[in-house]
Amino acid sequence: SSRATGRIRVNYSELARELSRSRRSIASYFDELRDKGVCVLTGAANQHSRTEVEICDQFWPYSKEQTEGTISAWDSYREGIQALLSKRACIRCSFSGADERFAKGLFTRDVSLKQIEQAIALACCRKYVGLLNGTDQDMIHRFCYFRDAIEEVLDPEAHPSQPALLNQRMQSAEYYEEKWIAQQGRAAGANVTSAACLKS
């Protein structure tokens, strides 16, 4: 970390091992700090990469250098979205120009990162059900994919029992994600066994 910037790069998997916690728990702790305005997260490219954490000025006891790299509200918002996208195994998203314009529109509308997180969980929950049932084989490659889910989260008529129902959907997404990852592991093991049998 640096006193001049208030930034540190961390790997959730490494922290999970050191603290004897699950990677999901570590990610949720940092998400809570971000949602409460304690820090800004710059998402890792994947689960093996490092996430940059910058402590917000009001919580940092030292004076920060004001540089061209100082994070703006839009930069923080964009990076928050990328951090959310990097958390899901079914998302292989590269932020395209269309995604950037879509994200800027959400930023202008004051759509919160929490609402985007709920929408991603809602859409991923449905995606995982399709992947598990074999009715869907495609990963998610665009942030724009979540357009309808975001509008659904923003519509009070769509989920009259918010936020309880949306929180339940987030838990369901975690559950189905774990099942799908386990299924992928079993499939990979079966392929290795089949290949070995063919060679014997």
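Contact here means heavy atoms within 4.5 Å, and buried means under 20% relative accessible area, with exposed over 50% and partly exposed in between (1.4 Å probe, protein chains only). Helices (H or I, at least four residues) and strands (E, at least two) are DSSP runs, numbered from the N terminus. This is a predicted model, with local features needing pLDDT of at least 70 and side-chain atom pairs counting only at pLDDT 80 or more, while totals for chains, interfaces and linings use all residues. Residues are numbered from 1 along each chain as its sequence is written, and side-chain values use heavy atoms, leaving out hydrogens and water.

So what sits on the inside of H2? Ile26, Ala27, Phe30, Asp31 and Arg34 are its buried residues. Viewed down the axis of H2, they fall within an arc of 135° (taken from the directions from the helix axis to the C-beta atoms), so they line one face of the helix. An α-helix has 3.6 residues a turn, so residues three or four places apart point the same way. After H2 comes glycine 37, with a positive phi near 80°.

The strands form an open sheet of three, in the order S1-S3-S2, with antiparallel pairing; two strands pair if DSSP finds at least two bridges between them. Strand S1 (7-10) and strand S2 (39-42) sit at the edges with a single partner strand each, so one side of each has no neighbour in the sheet. S2 pairs with strand S3 (residues 51-55) in the antiparallel sense over four bridges, and valine 40 stands opposite glutamate 54 in S3.

Over in H3, the buried residues include Trp74, Tyr77, Ile81 and Leu84. The buried residues of H3 pack against H2, S2, helix H4 (97-108) and H5.
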